[in-house]
Amino acid sequence: MNKDSAVLQGGFLLADKLCLPSSLSCLQKADWCRVGHPILEAVREICGQDDFSGHPTTMAVSWIKKIVCAMWLKVLCKETGEDVEVSWRENPFFPLQNSLPEVNHVVLLEVVISTAAARIFSHFLLSLPQMQICTELERLVQHVRSSPTREEDVRLFLNVWWELWRGRDEQKAEGEASIEMMFARQFARLSSSSLSPQAAKRLKLDASDLTASLPTSDVLHILLHALKDVKDHISTPNLCLQALSIALDALYTAFLIDQAAILPTKEKMHFLSTVVSIREKNDEGPELIQEAQRDLRASHTPSQFRPSRMKLGEALKIITELVQFWQTRGLLEVCGSSKPSYSAFRLEQSVQRVLKALQKTPEMETMKKILTGLLESLAFPATESTPDVNARVAMIIINHHLEDYRDFAVLFASKKNWGACDELWINCLEKNPVAFQQHDTLIKLSSTLMSKLSGDDTNVGQCRKLMKVIADIFSALSLKDKNKALVAMLRLSSRGFFGHSVPSAVTDGFEQELNMAFNCIIQGGGGAAAAQGNLNTAVSLVARVAFQNPEAALRSCCHSAVFNKGAFSLMAKILQQLPGLRGQTKRRDEAEERTDEGKDDRSSSTLLCRCLQEIIKTKSLTANEKEQFLKFLGLLMVPVMTAEGDEEQKQSFLTPQEVVNIFVLPHLSAAGQHSFDVELSLQLLHTALSVDVQEPASFPHWVMDCSPFPLLYVLTQLHNQTLRCWEQPPEGAVLHWSIDTRELLVSVITTLGQLVGAEVVAAPSSWSRALFWLYNKMEKLDWTVRFLLKPVWGEHFKNEVPSSLLAVCDLPEQDWSGLDLPQYGPGTGLLAWMECCSASDSLLSTMLTHLSLDQRLPDHVGMFSKGLLVALTQTLPWCSVSQWTRLLRVLRELITSGRLHVPFSLEYVDYLPLLDLRRFSCELRLSVLLLRALQLLCGSSCSHWLSADGWAHVGRLYAHTVREVMNSVRAKLPLPSSGASASLRTPASRDSNPKLSKDLQQAEDSALKSNVSQMEEEVEKIPSQEVLFVLSQLFCHVQHIQVMMPGGQCEPLFLSSLEILSHYESIMAAFPHSSSPLESDNTRHFFSTITDNLQNLEMKAVLQQKIAQLVSSAA
């Protein structure tokens, strides 16, 4: 036994002696004042507390719990007659319990009263089953009613009642909960060992004091009837008010509500501030507010003790009778001029709640009138809580993390007049960042800061401190909540805290933080290298500055993405992690109201787009910067997984629709009026159309929200202007078109046309008017442009071509019709035919199929071949690479099928060698045909057609053709691998095996000789000599054309010549017998002679050096 237990034992033993000749086990209530002093002194000593009415220490509470528990179990052990041998093994309280003399319920309850342990007693009660709770309550009621009934008895009764309604503390310490659980287990064990609950009750209770009926399990019935029985002993107004408020709250929570009422935080604040004001405590601490919160919660939560016997009418009748009884005795009068007591304030609240709930019960009018009269008698001036009191209450709740502290943090953050007090407001924020880590709380704080910053008497130091606190709270949020907060901030202001005029000291501090954040990101690896490793850190840095000023952060993101090499990828990844910076976006099914087509609606464009527009309009971008700009926007349009609410879905930071409406439509519609880079807009449009956006099948494609028909018309207008890109532009023209731009336009028009065409097919009636409008607009453009929009027209219109085309092509009248065009007179049919061939693959197939040519008539074939040569000369310079590729397919098909006659002349050879050139006939004829076409084009009558850029383009197209011919030649004679090459020169060796028989060796030798003979025959069949001849002709043609072309310095043709010589050398090395030393020497001389005609000395020197190496290596 320790010292404290010994002290306690001594106090109980001394009290037991004072009871002589009786004992504590038979003590009567009236005798407690005579014998209880030693026990209370012992309790005060071990608890270290002289007065139990104040706030007990944790040690004192723990000891009182142990004492009450040991005494209670001591009484129960006596009643059940438990064996000591069992008790010491199973009862954890046995040492303390066994050290005490026998006691009864009187001693137990008097100790509870004297130590103000009503809450402890109630919590032990709450750990028991309801039937046992009722039994113990009846014992308590018997004790209160027994003589003499004192005010402290009634107060104990009321306190236990209300503590039962309050329930257990939610934030109970683990040790306290374990004591109550051990008590409940011991109580259950002892109760189960008794004969029966009824027998135990007969042992414990005086039958003369109890009704003959069985004990009830209705807690409210016991308590209300007990209150009615002791009403004569309640003689103070405060106790009457307390009793009525408890009774009314018990009635309200037991009968009139089914679920807990959710009170607004402002209402809770009003209640708590009023309580603090009424009690007039300058040192109000968390205990006072915590108790008031428990009272408020208990008054609005359905009771766990649902009535099983008592009805609402009976309960209300008892309460109204009590009201009338105490009113007649003048105990319910409240002075209206003074502040109300806490009990009066609570009673007023209770009566109001009950009357409001009883409005729908007309049968209780009399009782409602009594309560209404009580409410009128309680009328007193409303207690106004000041902002100072409200702030202090909120700070106590937040600092101590009391009930609903996060909700009070929202209220605390939103009250601007509370923040005007002093440093305490900001200190509370600094010490309790967790309480404010909710995006809605953060926005309230931000609004308060913005209000402070825009005020006349701004305290710069406080504002900067508050800004840092808010930014720190934001940084601690999850990424999901950060995005919610960013959306909410954008609703407040796109410039965040700086939406209004802000002191320069605050602005300078933020600018420094902004620059430091982006310098850290960019210098952390140059953008691309840092994208993986430091992405989370980069996202946090950008999010922090973006919350303070979204516009400034996005402007820095855009600047870094465009002007810092490689940073576009990292910036795009950062923004994809921060979809909140898009602001509040709506799905297409929620955004039915759209702006008129072509209208520049600034409010509809995102903040990011406005920042990017500033860069485009204010800075002249280099080619690399344009590329980064395009890639940046392209990445932002790619959908990524983002959390939207409680579910994840794929979304893009910028939708393709936004990009087209903001960056493409306004600039393309004004093409030619200003110097904006149209090609950049076209590339953006191409990128947007290439993005794979998953949309619901029930909705039209997003492009239908981008004025698709006017857009197609503008694009075809631009394409029409590029058809004569080598012509001198009119004076004052801003735009200069290139073939690459035309290629881009064709790609964009084709893709857009396919998308629009699919929508037209799906809903033809919706788009018919727009379709006819677009078709009519095409009349002003070149006739070939309409073929680009074939997917849009579908089967609605015939194919319209120059009438001259119908003379050379048998096309069905139901699908084709002729146009009388001035520039397509007689003899231009083949020109129109070739233009159709170059337009698309489907047209190419149609033109070849329906070509009108009788191959049985040599004159027809000859005339066709001459006409085609002229048409080819007219078409070649204006072809893009893709168009020229189609024309090469046409020429190959015509040559192969015999419809195009191209005689091979001995222009570059004195005689044709005895070679089989049939398999290379197409390549040779195609090369000669192009030589003839370029001879015409470079002649005096045509050489003035093209500018220097035009001739450079022709050179690129011819070099493209040479590469195709080379690829064809390579396919017909692939170069052997090193192993295969060796096998052609030396027969494979074998290891001799002396163990083999002579017959086997002879068989192997015979097989080897046969293989060598077969390989020599295969070498003779390889067309290596033919390939060398074809390459020599091709080299001569290229050289001839390079000499003919104006300037003679076409680099693509020079590179083609080098490629031909390199392949020539490879063939000679792989097939040594393909050229004798004499033939190699003649070839060297011949090539050198041809090359001497070049004007460019550097090109000539390089080629002749290559020729010299070629011959010497082959010799």
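A residue is called buried when its relative accessible area is under 20%, exposed when this is over 50%, and partly exposed in between (1.4 Å probe, protein chains only). By this criterion Cys 134 is buried, at 1% relative accessibility, and Cys 77 is buried as well, with a relative accessible area of 12%.

The structure is a predicted model, in which local features need pLDDT of at least 70 and side-chain atom pairs count only at pLDDT 80 or more, while totals for chains, interfaces and linings use all residues. Residues are numbered from 1 along each chain as its sequence is written, and side-chain values use heavy atoms, with hydrogens and water left out.

Helices are DSSP runs (H or I, at least four residues), numbered from the N terminus. Helix 23 (residues 439-453) contains 15 residues and extends 21 Å from its first C-alpha to its last, close to the expected 21 Å, where the expected span is 1.5 Å times one less than the number of residues. Its buried residues include Leu 442, Ile 443, Leu 445 and Met 450. Among the elements that cover the buried residues of helix 23 are helix 21 (405-414), helix 24 (460-475) and helix 26 (504-523).

Helix 7 (residues 105-114) packs against helix 10 (residues 151-166) at an angle of about 90°, with the axes 10 Å apart; axes are lines fitted to C-alpha atoms over the stretch in contact, and angles run from 0 to 180 degrees between N-to-C directions. Helix 7 is therefore roughly perpendicular to helix 10 (65 to 115 degrees). In this contact (heavy atoms within 4.5 Å), Leu 109, Glu 110, Val 112 and Ile 113 of helix 7 meet Glu 152, Asp 153 and Leu 156 of helix 10.

Terms used
Helix = DSSP H or I, 4+ residues; strand = E, 2+ residues; numbered from the N terminus. Parallel < 35°, antiparallel > 145°, perpendicular 65-115°, else oblique.
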